[in-house]
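Here are some exercises to work through with the structure open beside you. Try each task yourself before you read the solution.

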Amino acid sequence: MSSLPNPYLPSLARILEVVVETPDIKSFRVELCDEAARESFTFEPGQVAQLSVFGTGEATFVINSPPTRREYLQFSVMRVGEVTGRLHMLQAGDKLGLRGPLGNHFPYQDMRGKDVVFVAGGIGMAPLRTLLLFMLDNRGDYGRIRVVYGARGPANLCYRQEMEAMRDAGQIELILTVDQKSPDWAGQVGLVPNLLMELAPPADNCVAVTCGPPIMIRYTLAALEKLGFADENVVTTLERRMKCGVGLCGRCNVGGTLICVDGPVFTRAQLKALPDEF
Amino acid sequence: MSLVFLARENLPAWIGRLYQDMAVFAPMTINGVAAFRALGQDEIPDLSRIPASSPKAAVFPQTETLFTFTSRKHADDLSQVDIDLSYHLAEVPRVILGARPCDARGLKLMDPVFGGKVKDPYYLARRERTIIVSQACAMPDRACFCPGTGGGPYDPAGSDLLLLPVADGWLAQGLTEAGEKLLAQDLFTPAGDREPEAQSLKDKAEAYLAQAPDMRGAEQAFENLFKDEAFWDQATAGCVRCRICAYLCPACTCFNITDEESGLKGERIRTWDHCMSYMFTQEASGHNPRMQKAFRMRNRIGHKFCYYPQLHGGTVSCTGCGRCVRACPSGIDIRRIVESMKRKGA
Ligand SMILES: Cc1cc2nc3c(=O)[nH]c(=O)nc-3n(C[C@H](O)[C@H](O)[C@H](O)COP(=O)(O)OP(=O)(O)OC[C@H]3O[C@@H](n4cnc5c(N)ncnc54)[C@H](O)[C@@H]3O)c2cc1C
């Protein structure tokens with residue numbers, strides 16, 4: 001074999017625990033099987049990995065545990081198709097393949113000393129969770145932290161207990177919302193961008209971080225613009241179908257930019273420089 | 001370097017010698033179609049016409065195994081499974097014989113993709129072991145437009161050895177050390193006074209292609225027309241998404257990765273992909289950033305004539321080989337698209 005590293009070859013990882021988050025989202029807490037690889041594995045908040053179920057294939061997921069917590073790597077997987085369907089059948093003790101970390105990360109250095117507002121929809125909370133926990137682990141570096149998070153219904157809110165505990169501990173301000181009224185829901189009802197407009201966080205010395213379905217991102221970016229957020233203070237993480245994850249397969253381009261290596265994290269200033277093809 | 005002569009009747013003997021030391025990829029005509037493939041012993045290639053396919057499969061096969069995986073269950077605890085992964089890289093040296101100058105340039109266009117910041121070990125293992133023997137194009141056809149992309153029918157760029165056709169054989173011009181080494185002394189004779197004959201064929205071929213439209217410098221026009229949906233609709237109208245343009249293209253490199261499994265063993269496989277497919281960008285949420293065929297064509301054209309050149313010093317990701325033009329069942333002509341793009345987007 002040649003001395004070149006093989007970017008397609010996954011490392012083996014073991015599932016330590018599976019957490020059922022919602023009817024279609026499970027979180028997998030995994031560790032690399034090889035101890036030396038485990039010790040030397042480092043990543044930044046927002047980076048992703050490719051998980052393999054051998055025989056079915058690979059898919060991209062954000063590492064949603066923060067680098068400050070090293071007991072395991074967590075991935076939250078929404079069941080939508082083949083690989084995610086097979087992942088949902090795995091249990092603690094099962095093995096999978098892991099390639100990563102891949103991609104760029106949230107510019108958390110630039111956010112120090114600022115207020116932060118997280119705006120998320122559905123599984124889009126997964127990448128933001130990494131950054132949120134990272135900030136809580138470095139709480140003194142950041143100002144007010146607000147979270148606006150919405151899902152279809154109460155049962156579809158991911159990490160709900162965890163976030164409510166953060167709120168109760170006074171670490172964050174939290175607005176949870178669902179699309180439609182239901183008997184088991186006493187909280188907010190309405191679409192995330194609308195609630196963001198109602199909350200109207202002052203744009204002054206504040207960064208907004210958003211992820212969710214493409215349509216939600218679009219309206220959220222527009223709302224933030226109305227609220228006066230400067231382009232470089234709006235950060236989003238994009239999903240784009242990708243295969244190799246390392247800049248070779250050609251799937252995930254937006255113009256000459258590859259989401260897998262140049263992203264997935266972009267500021268709105270960077271997005272505006274790209275062809276309008278999202 | 002001086003030219004040497006290879007008589008047509010010595011071609012089989014020469015190939016026989018090459019075959020002893022390396023895999024030989026050359027065009028073979030089967031059922032009337034000349035396409036590159038690995039020659040078997042004593043097979044003689046067809047160098048008489050422009051091959052329908054490019055030789056890119058010699059370094060970037062249409063299907064290849066990235067690695068194999070094998071699961072092993074523990075005898076005493078069947079819930080415990082170990083997984084072994086293994087892969088291997090090409091070791092056999094290879095020669096592409098009868099590439100056209102456009103094909104040699106195609107490989108040069110793929111090199112920065114697979115050998116950039118992240119290196120593709122599979123491609124590079126083959127590429128490092130590949131020698132390119134090109135045949136200059138004495139008879140370009142109406143679909144050819146290599147000069148419009150920065151090449152030419154006798155362009156030596158990217159070749160190790162260039163064969164210049166003459167009536168009864170070829171004049172061989174070694175361009176690299178690896179190429180010169182292939183010139184078996186007893187089969188090649190001094191070129192004598194044959195050079196003017198080769199030169200006059202070259203002049204004719206170049207004159208024939210003098211009208212090729214310039215496909216370079218379209219970046220700004222592309223950006224200006226990006227939002228002109230009518231333009232892209234018209235450019236794409238006939239497309240039936242058959243994929244042939246990408247498969248035949250010497251510069252297209254997009255690939256898919258899939259798994260195949262049987263029992264406890266399986267393989268992760270890479271295959272050529274195609275950006276005109278709806279599924280290429282279909283996302284799980286139902287969202288598709290290139291919902292219409294026209295948007296996919298826009299990306300295809302943009303990649304070749306705007307995005308790639310912007311990243312690679314103005315070089316377009318097209319060699320003017322004309323294969324997509326010849327093969328398109330709907331008569332889509334990439335020259336017309338770029339020409340009208342440059343005109344309308346000026
Ligand atoms: C940077 C990035 C981070 C991501 N992070 C997460 C995460 O943390 N949690 C999570 O649940 N999902 C995440 N995704 C989406 C996830 O990768 C896809 O849902 C997954 O690849 C679908 O695989 P599948 O085999 O189950 O689907 P398939 O059976 O292949 O297809 C099912 C559907 O999903 C579409 N699809 C396939 N691949 C992708 C893809 N890469 N992106 C979008 N749609 C796709 C198909 O076109 C089809 O509509 C992320 C995607 C990207 C690009």
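**Exercise 1. Find how strands β11 and β12 of chain A pair, and over how many bridges.**

Step 1. Locate β11(A) at residues 206-211 and β12(A) at residues 234-237. Strands here are DSSP runs of E with at least two residues, helices are runs of H or I with at least four, and both are numbered from the N terminus.

Step 2. Compare their directions: the two strands pair in the parallel sense, over three bridges. Two strands count as paired if DSSP finds at least two bridges between them.

Step 3. Pick out one position: A208(A) stands opposite V234(A) of β12(A). In general, the strands of a sheet pair through backbone hydrogen bonds, either parallel or antiparallel.

A word on the model: it is predicted, so local features need pLDDT of at least 70 and side-chain atom pairs pLDDT 80 or more, while totals for chains, interfaces and linings use all residues. Residues are numbered from 1 along each chain as its sequence is written, chains are lettered from A and ligands numbered from 1 in the order in which they are written, and side-chain values use heavy atoms, without hydrogens and water.

**Exercise 2. Work out which strands stand at the edges of this chain A sheet, and why one side of each has no neighbour.**

Step 1. Write down the order of the seven strands: β10-β9-β8-β7-β11-β12-β15. The sheet is open, and its pairing is mixed.

Step 2. Look at the ends: β10 (188-189) and β15 (265-267) of chain A each have a single partner strand, so one side of each is left without a neighbour in the sheet.

**Exercise 3. Describe where the ligand lies and which residues come nearest.**

Step 1. Start with the chains: the ligand lies between A and B.

Step 2. List the neighbours, counting a residue as near if one of its heavy atoms lies within 4 Å. Of the 25 residues around the ligand, T60(A), M78(A), T84(A), Q282(B) and A284(B) come nearest.

Step 3. Trace the elements: β4(A) gives the most to this shell, with four residues.

Step 4. Check the polar contacts (pairs of N or O atoms within 3.5 Å). A ligand oxygen is 2.8 Å from a polar backbone atom of E82(A). A ligand nitrogen is 2.6 Å from a polar backbone atom of A284(B), and a polar side-chain atom of E239(A) lies 3.4 Å from a nitrogen of the ligand.

Definitions and conventions
A polar contact is a pair of N or O atoms within 3.5 Å; within protein, one must be able to donate a hydrogen and the other to accept it, and residues adjacent in sequence count only if both atoms are side-chain atoms.
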